[in-house]
Amino acid sequence: MVFAQLADAFSFCTSPDVRHVRTTADPPMAPEESLKMLKEGNRRFVDGRPLGARTKDAARRQLVDQGQAPHTAIIGCADSRAPLETIFDAMPGDLFVLRNAGNTCTHAEGSMVGSLEFATGKLGSRLILVLGHTNCGAIAGATKTYLEAKVPQKAGSALQGLLQDLGAVAEQAVQEAGPGASADEVTARAVKVNVYHTMSFLLRFSESIRSAVREGTVQIQGGIYNLETGSVDFLGALPTQTELLDSTMAIPPSMVEAGEARGKHGVRTGADSAVPKDVALKMLKAGNERFAAGAPTATQTSGPMRKALVQCGQAPHSAILGCADSRVPVDTVFDAMPGELFVLRNAGNTCTHAEGSMVGSLEFCTGKLGSRLILVLGHTKCGAIAGATQTFQAGGENAPGSALEGLLQGLSSVAKDASEELGPGALQEELAAHTTKVNVFSSMNFLLKYSEPIRELVRKGDLDIQGGIYHLETGRVEFLGRSPQQAELLAAEGTLPPSMALGTVRTTSDGPMAPQAALKLLKVGNERFVVGAPKAGKVHSSMRETLATGQAPHTALVGCADSRVPLETVFDALPGDLFVLRNAGNTCTHAEGSVLGSLEFCTGPLKTRLIFVLGHTSCGAIKGATSTFLSGQKTKAPQALDALLQGLGSVVSDAQKELGKKATEEQVAAHAVKLNVFHTMNFMLKYSEPIRQKVRSGELEIQGGVYDLQTGRVEFLGASPSQAKLVAAEGAVAPSLKSKMQGA
């Protein structure tokens with residue numbers, strides 16, 4: 001037995017496999033050679049013929065006297081089943097080892113990155129290996145936490161915080177594994193994703209490591225250790241390495257010096273120069289990354305900071321239009337100090353309502369305060385967007401009964417656009433998610449369309465408008481870039497926001513308005529009325545004094561006398577806009593002389609170039625005429641009402657003929673409303689030579705529409721189908737005027 005031990009000792013002393021230890025006396029080892037040594041060492045470990053434990057006192061003294069020069073730095077897991085030096089059969093002095101649960105940089109990233117910068121800089125290591133392992137408890141816990149977290153919970157311990165912050169890794173693994181993947185399959189995928197995630201972190205947040213990789217002096221490799229076989233699966237370099245080498249972050253988020261980025265006084269004030277738009281965007285991205293990584297640097301403001309904010313004023317680097325949702329505290333999401341962000345918030349991050357204040361505030365921020373970046377920020381699971389989506393899918397177009405209903409209806413047009421983009425069959429959850437994105441672009445487009453100061457700054461390159469979506473689940477902002485329609489909107493002519501477009505009344509000093517321009521005013525005014533954002537009521541004394549000098553209405557309106565259809569209100573019109581004629585049934589059947597004469601006066605001396613005939617749903621006059629006609633009643637019309645109803649009988653008759661005899665009375669009455677509009681338009685064209693001549697020359701247009709009592713919207717019908725025929729025919733005198741002329 002003694003002789004056997006002596007033989008082993010003699011063999012050890014003379015074996016060529018005995019390696020010397022690496023010290024500063026050795027030159028740096030090329031990364032390819034270091035990787036080869038790791039692979040060979042792992043093979044010896046798997047084969048059960050390790051050499052790394054064979055050290056002598058002399059070797060240990062060399063390490064002390066000459067110092068270390070590890071050929072590889074490794075980030076590995078703290079799992080006791082994965083001892084890194086043993087796995088790679090390494091000698092003391094070979095490996096510079098960093099270990100934590102999950103081989104991650106999610107927490108304490110400053111110490112991890114700083115340690116690697118020390119190893120690759122001072123110690124001369126030329127290879128960094130990030131090593132995960134199968135059946136990793138930290139990754140399994142993170143995956144389980146993510147899969148079971150229907151509602152994110154606040155971390156109650158450092159461990160829970162670690163697992164939650166690895167949620168981004170689990171989320172990506174779920175997406176890559178695909179639907180139907182089991183928890184075990186997702187966990188296995190997450191191990192690899194996490195290795196790449198840590199490699200990515202090193203490239204993103206270390207300028208020294210990034211530069212060394214760029215120059216080719218250092219390599220970053222990944223690997224996964226299989227607990228069952230003992231083998232390491234070497235993954236190679238990060239697939240996105242080339243892209244990440246363009247990163248500009250010098251140090252990890254938690255180590256950013258606040259003073260350098262946050263102004264002369266530790267907070268941004270008017271004493272600081274404007275931040276370029278691209279730099280401002282980088283600051284937002286870096287701040288969000290710090291927030292998502294759980295390493296915020298925004299500190300409490302001191303007395304001197306608050307004093308500087310008061311004395312020097314504000315100079316925010318960005319203006320944010322975000323949602324009022326309590327789960328999206330904008331300053332916190334971007335890890336911002338007071339003075340950095342000019343924040344506007346409402347439900348749905350929209351300009352649909354109160355757009356004047358939103359646009360005006362942003363003009364102040366980008367003009368007076370000098371901000372060079374506007375970010376419109378939506379977020380996942382937005383209650384306002386979900387409500388608007390439900391309103392759209394339910395077809396709810398009733399007049400809003402509250403400001404909230406008005407807001408949801410105003411956003412329903414965004415949901416409609418999103419639905420058209422997705423196509424039929426989209427689920428409500430899918431539609432709501434896509435609507436969030438469409439709504440961000442909608443708000444961006446609103447700014448580009450309705451603010452000339454903002455448009456001019458963007459056009460000159462002094463301002464950028466970007467969009468983003470904050471993901472409640474991960475804490476990260478998905479940056480969307482600019483609006484796809486930006487170039488088109490900048491080339492178009494800008495206007496004021498709808499709620500601010502009104503401000504002057506029309507008088508005789510205004511020239512005639514083109515028919516299509518007048519029609520556009522009617523459409524825009526009706527839209528304001530529908531969404532509950534009218535502005536026409538704001539009439540001051542100077543406007544009334546101006547009206548006293550004379551009128552120049554842009555439209556002559558023939559409508560029903562029904563009290564539910566206040567025409568100026570329906571079109572949100574100012575005094576002086578509309579020349580209004582009203583009677584039961586919006587008809588010229590009776591008293592046509594006064595109607596035609598009034599219209600000839602309006603389109604003649606007053607120079608109005610649009611006549612608009614407006615019927616409405618559930619019209620009592622039309623219903624009465626329909627009932628009289630279908631019942632076959634024939635009276636001598638002892639009352640004016642009976643005569644009116646019988647006079648409308650021809651319209652009802654035409655409606656029944658078009659629908660067929662099987663049509664119900666309700667259907668006939670509804671169709672008769674539309675035909676009656678055309679009947680009134682045709683009456684003008686047939687019995688008024690001045691009006692007919694103006695239409696023939698293109699100087700005047702006659703349009704029709706139907707007002708829906710339930711929705712408040714006007715269906716614009718266009719010109720009469722019979723217009724061309726009637727304009728070409730010989731005119732006639734109105735029946736009531738003809739009889740009077742004959743009597744004379």
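This is a predicted model: local features need pLDDT of at least 70, side-chain atom pairs count only at pLDDT 80 or more; totals for chains, interfaces and linings use all residues.
User: Which residues of helix 28 are called buried?

Analyst: Helix 28 covers residues 649–659. Its buried residues are Gly649, Val651, Val652, Ser653 and Ala655. Buried means under 20% relative accessible area.

User: Why does aspartate 79 count as buried?

Analyst: The cut-off is under 20% relative accessible area. Aspartate 79 has 15% relative accessibility, so it counts as buried. Aspartate 79 sits in the loop between strand 1 (72–77) and helix 4 (84–87).

User: What makes histidine 133 buried?

Analyst: The test is again under 20%. Histidine 133 comes in at 1% relative accessibility, and therefore counts as buried. Histidine 133 belongs to strand 3 (residues 127–133).

User: How do you know what aspartate 79 touches?

Analyst: Contact means heavy atoms within 4.5 Å. Not counting residues up to four places away in sequence, aspartate 79 touches Arg99 and His133. Histidine 133, leaving aside neighbours within four places in sequence, is in contact with residues including Cys77, Asp79, Arg81 and Tyr225.

User: Where does UniProt place the feature "binding site"?

Analyst: The unreviewed UniProt entry puts "binding site" at Cys77, Asp79, His133 and Cys136.

User: Why do you say these residues gather at one spot?

Analyst: They span 60 residues in sequence, yet no two of their C-alpha atoms are more than 9.0 Å apart, so they gather at one spot.

Note on methods:
Residues are numbered from 1 along each chain as its sequence is written. Side-chain values use heavy atoms; hydrogens and water are left out. UniProt positions are given in the numbering used here, feature names are shortened, and annotations may be inferred rather than shown by experiment. Helices (H or I, at least four residues) and strands (E, at least two) are DSSP runs, numbered from the N terminus. Buried means under 20% relative accessible area, exposed over 50%, partly exposed in between (1.4 Å probe, protein chains only).
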